[in-house]
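Here is a short report on one protein chain. Look at the structure first, then read on.

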Amino acid sequence: MNPLQQAALARAREGACLLPIWWTDDVGVCQCPKGEICPLSGKHPLTAHGLKYASKDSDTITNWWERWPRANVGERTDEVVGIDIDLVEGPRGS
């Protein structure tokens, strides 16, 4: 089990409703089909219906991270205050 899957399962056990999120490569390019032109690099759901598919179910979460092992962990925060911290910012390739 990879660390992202472990983190997702641990967070779900705490009651969080989760979903897999697209990831970026080493230079910040989204790995979704839009690639370099994606306006939401590494910040949008992999699931077909986005937040509507968020889940606490361990089998669902396990299946997602077996299918997309590099997926970031997204949390549905409808009823909670959330903070999004981006640790790396800057222009892509010059």
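## Around H44

H44 touches I21, W22, C30, C32 and C38, leaving aside residues up to four places away in sequence. A contact here means heavy atoms within 4.5 Å. H44 sits in the loop between β1 (18–21) and α2 (58–67). Is H44 buried or exposed? H44 is buried, with a relative accessible area of 15%. Buried means under 20% relative accessible area, exposed means over 50%, and partly exposed lies in between (1.4 Å probe, protein chains only).

This is a predicted model, in which local features need pLDDT of at least 70, side-chain atom pairs count only at pLDDT 80 or more, and totals for chains, interfaces and linings use all residues. Residues are numbered from 1 along each chain as its sequence is written, and side-chain values use heavy atoms, with hydrogens and water left out.

## The chain as a whole

The protein chain has 2 helices and 2 strands. Along the sequence they follow the pattern α-β-α-β. These elements are DSSP runs, numbered from the N terminus: helices are H or I with at least four residues, and strands are E with at least two.

Of the 94 residues in the protein chain, 33% are buried. Take the contacts in the chain with a separation of 6 or more: residues 24 or more positions apart account for 64% of them. The chain exposes about 6600 Å², and carbon and sulfur atoms supply 52% of that area. Accessible areas come from the Shrake-Rupley method with a 1.4 Å probe; for residues, only the protein chains shown count as cover.

## Aromatic pairs

The count comes to 2 aromatic pairs. Rings of Phe, Tyr and Trp (its six-membered ring) pair if their centres lie within 6.5 Å; planes under 30 degrees apart are stacked, over 60 edge-to-face, and the rest tilted.

| Pair | Centre to centre | Angle between planes | Type |
|---|---|---|---|
| W22 and W23 | 5.5 Å | 35 degrees | tilted |
| W64 and W65 | 6.4 Å | 65 degrees | edge-to-face |

W22 is buried at 16% relative accessible area. W23 is buried too, at 14%. W64 and W65 are also buried.

## Salt bridges

Side chains of opposite charge can pair when their charged atoms come close. A salt bridge is a side-chain nitrogen of Lys or Arg within 4 Å of a carboxyl oxygen of Asp or Glu. The structure holds 2 salt bridges.

R11 meets E14 in a salt bridge of 2.7 Å, N to O. R11 is partly exposed at 31% relative accessibility, while E14 is exposed at 58%. R11 also forms a salt bridge with E75, with the closest N and O atoms 2.9 Å apart. Why does this pair tie together parts that are 64 residues apart in sequence? E75 lies in strand β2 (residues 72–75) and R11 in helix α1 (residues 3–13), so the pair links those parts. E75 is partly exposed, at 31% relative accessibility. Together, R11, E14 and E75 form a network of salt bridges.

## Cysteines

A disulfide is a covalent bond between the sulfur atoms of two cysteines. Here the rule asks for a pair of cysteine sulfur atoms within 2.5 Å. How many disulfides does a search of the whole structure find? The search finds 0. C38 is in no disulfide: the nearest cysteine sulfur, that of C32, is 3.8 Å away. C38 is buried at 6% relative accessibility. C17 is partly exposed, with a relative accessible area of 21%.
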